[in-house]
Amino acid sequence: MKNTLFTFFIALLMVGCGEEVKKEVLQEEERRLAAIKVEEERKQEAQREELRVRDTSAAFAKLGDRFTISDLGLEMLWVKHGAFMMVDKGKQHHVTLTKGFYLGKYEVTQAQWERVMGNNPSRFKGADRPVENVSWNDAVEFCKKLTEMEKKAGRVPQGMSYQLPTEAQWEYACRAGTSTMYSWGDSISSKNASYERDFDDGTTPVGKYPANPWGFHDMHGNVCEWCSDLYGDYPSGSVTNPIGPASGSYRVIRGSSWLDDGASLRSAKRNGYAPSPRHFIIGFRVGFQSSK
């Protein structure tokens, strides 16, 4: 109604004006109406974004519900907060995780990697085999691109992102409430995990071996897995939400691989590897948590 009255007022002003004046007035009116349309579209998009964020937040309001990244078929499991003992070189220290987090049920597969990154660097090809031959930098870039993809789809709540798990988160999920050498006990056989395989055989499809008590597969063997931490000695005493040392040249890898011996697959076993080189025994799984 307001725009109609304004247009009528302009028409009255134009009575008796020359052609040039009329033309300028009409052009100005067209610009004004175009600006109004742009502003209305901006408001509508803002409203749609608000609803999208609200719907996404509601979908994750109940932390603890497992979910699947639909475009990739990548299943994420919820890990509740808690405490446990981490061991390195015979020394134990108490670790408390005050926040729960999501972690991939399986190692990232070659099909999932290719969907996000557009290539497949793996030496031992197979859509359902874990992606390997990826550096720490590559894995971080995958998490970044996956976050961007899911944000565009409206499936990432504010303050959350896909990222590599910390070493403490990784071991906590691997142990799954156990304190034995492996998540299933103190001995290992070929029925438990992918290890000591012939070189030409390489990796196995993810999920081929039984899950640990919390539902995660292949935390022991198949491929070593990148963590977010720099590699270094554990701190002494109890720690809360550790994120690794502030400096160092290597990044943590966990879980050991199909090429390693059984002892290397222990829950506590840890190694460091340079972040840039790629190796056919190293892959990763993604976490999903607060980006702060």
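The structure is a predicted model, in which local features need pLDDT of at least 70, side-chain atom pairs count only at pLDDT 80 or more, and totals for chains, interfaces and linings use all residues. Residues are numbered from 1 along each chain as its sequence is written, and side-chain values use heavy atoms, with hydrogens and water left out.

**Helix α3**

- Helix α3 spans residues 110–117; helices (H or I, at least four residues) and strands (E, at least two) are DSSP runs, numbered from the N terminus.
- Gln110, Gln112, Trp113, Val116 and Met117 are buried in α3, where buried means under 20% relative accessible area, exposed over 50%, and partly exposed in between (1.4 Å probe, protein chains only).
- These buried residues line one face of the helix, because they fall within an arc of 160° when seen down the axis of α3; the arc is that of the directions from the helix axis to the C-beta atoms.
- The buried residues of α3 pack against β2 (74–79) and α4 (136–152), contact meaning heavy atoms within 4.5 Å.
- Gly118 follows α3 and has a positive phi, near 80°.

**Positive phi at Lys89**

- Lys89 is not a glycine, yet its phi is positive, at about 55°.
- Lys89 lies in the loop between β3 (82–88) and β4 (91–97).
- With a relative accessible area of 67%, Lys89 is exposed.

**Positive phi at Asn241**

- Asn241, a residue other than glycine, has a positive phi near 50°.
- The loop between β8 (239–240) and β9 (251–254) holds Asn241.
- Asn241 is partly exposed, at 33% relative accessibility.
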